[in-house]
Amino acid sequence: LDTSQSPDSASNDFVRTLNTTTWQASLIAAFFALIIGSLLFRQIIAPIHAVTDAARKIASGNLGQRIPESGGDEVSQMAQTFNQMADSLEHNRQLRQNMTADISHELRTPLSIIQGNLEAMMDGVLPASPKEIASLHDETLLLNRLVADLHLLSVAEAGQLNLDLINTDLLVLLNQIGVSMRPTADALQITLIMDSPTSCPTLRLDADRTNQILQNLIANALRYTPADGIITIRVRPESQAVHVDVSDTGAGIAAEDLPHIFDRFYRGEKSRSRAKGGSGIGLAIVRQLMQAQGGEVAVKSPVHVRDDGSSYGSCFTLTFPLP
């Protein structure tokens, strides 16, 4: 008898074998696909978990958290953006801490003087003479001026400063400032020069705030210009703007101080007294008032060179855009 399979039986065995092989291959492929997918999913979700964890720690006050930046894809860009945000938050916190410490320091000195003198008067150690009372009054004026400057700076930085913008003749304003500041310059034996053209375009300015800006710059120049020095206020009209340069023949500003010269409470020489160095917010007010009026302020130092090759002097430039 022939024991070989019939054609139908052989065909059925082949189909069954093919189905079994297909199912096995499918299961193996699905298994490897599951493994590869899990690895890819973990690779994709890991940066998100890192961002979430870092964000949670930053929300709790730990601003030193950063995410490793690797690769050049969207995940790396997300990490870079997150780190920039964390850097900005940490920088702003440091600024707030510094500002609080600086304000406390500036207020403590006149308050200590007032308190000490009043206690001495109460104990009979210091006579309550008109001279001593006038000294206390000067300290209260200093406190009042400092508080007013801080309020003005905070309002300007918040963009809530009310400006009375009117058509202003800058040359007339500068001449008025020159007349008011020249007696102080003469007393310090400093020459104040006004270098102005015969005409200047009319600008849309807040005259009082602009007056405050220029007085701050000139007072700053008077503070750091030695006797027999020169302060020059020069007006340079151009097609798109009017520039006002306030230059002096002082010692100049150190290169490492230039990037911070408009920061609040910043003093290039930490050892300067308040009487010599000011409160440290005058230039910060200048920048904020200029920006509030759509202008800019810049500084360059040094600007002069002596015969021996040494350099000196500073120049602050105000840029007022034309209407």
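Q: In which helix does Asn83 lie?
A: This is a predicted model, so residues are numbered from 1 along each chain as its sequence is written, local features need pLDDT of at least 70, side-chain atom pairs count only at pLDDT 80 or more, and totals for chains, interfaces and linings use all residues. Side-chain values use heavy atoms, with hydrogens and water left out. Helices (H or I, at least four residues) and strands (E, at least two) are DSSP runs, numbered from the N terminus. Asn83 lies in helix H2.

Q: Is Asn83 buried or exposed?
A: A residue is buried under 20% relative accessible area, exposed over 50% and partly exposed in between (1.4 Å probe, protein chains only). The relative accessibility of Asn83 is 6%, so Asn83 counts as buried.

Q: Which residues does Asn83 touch, not counting residues up to four places away in sequence?
A: Contact means heavy atoms within 4.5 Å. With residues up to four places away in sequence left out, the residues that Asn83 touches are Arg66, Ile67 and Glu69.

Q: How far apart are the end C-alpha atoms of H2?
A: The expected span of a helix is 1.5 Å times one less than its number of residues. H2 covers residues 74-122, which makes 49 residues, so it should span 72 Å. The distance between its end C-alpha atoms agrees with this, at 71 Å.

Q: At which residue does H2 bend?
A: A bend at a residue is the angle between axes fitted to the seven residues ending there and the seven starting there. In H2 this angle is about 25°, and a proline, Pro110, follows within four residues of the bend. The residue at the bend is Arg108.

Q: Which residue with a positive phi follows H2?
A: The phi in question is near 80°. The residue that has it and follows H2 is Gly124.

Q: What distance separates N and O in the salt bridge of Glu90 and Arg66?
A: Side chains of opposite charge can pair when their charged atoms come close. A salt bridge is a side-chain nitrogen of Lys or Arg within 4 Å of a carboxyl oxygen of Asp or Glu. The side chains of Glu90 and Arg66 meet in one, with an N to O distance of 2.7 Å.

Q: How many residues apart in sequence are the parts that Glu90 and Arg66 tie together?
A: Glu90 is in helix H2, whereas Arg66 is in the loop between H1 and H2. The pair therefore ties together parts whose separation in sequence is 24 residues.

Q: Which residue forms a salt bridge with Lys57?
A: The closest N and O atoms of this pair are 3.4 Å apart. Both residues lie in helix H1 (residues 7-59), four residues apart, about one turn of the helix. Lys57 is partly exposed because its relative accessibility is 33%. Its partner, also partly exposed at 32%, is Asp53.

Q: Is Asp245 buried or exposed?
A: Asp245 and Arg236 form a salt bridge through their side chains, 2.6 Å from N to O. Arg236 has a relative accessible area of 29%, so it is partly exposed. Asp245 has a relative accessibility of 7%, so it counts as buried.

Q: Which residues do salt bridges with shared partners join into one network?
A: Salt bridges in this model number seven. Those that share partners make one network out of Asp53, Arg56 and Lys57.

Q: What is the area of the nonpolar surface patch that includes Ile35?
A: Patches are made of residues with over 30% relative accessible area and no salt bridge; like charges are joined within 9 Å, and nonpolar side chains (Val, Leu, Ile, Met, Phe, Trp, Tyr) within 5 Å. Accessible areas come from the Shrake-Rupley method with a 1.4 Å probe, and for residues only the protein chains shown count as cover. Ile35 lies in helix H1 and counts as partly exposed at 36% relative accessibility. With Ile28, Phe31, Phe32, Ile36, Leu39 and Leu40, Ile35 makes a patch of about 700 Å².

Q: How far does helix H3 reach from its first C-alpha to its last?
A: H3 covers residues 130-157 and has 28 residues. Its buried residues include Leu136, Leu143 and Leu150.

Q: In which strand is Ser247 found?
A: Ser247 has a relative accessibility of 9%, so it counts as buried. Apart from residues up to four places away in sequence, Ser247 touches Ile230, Ile231, Thr232, Ser314 and Cys315. The strand that holds Ser247 is S5.
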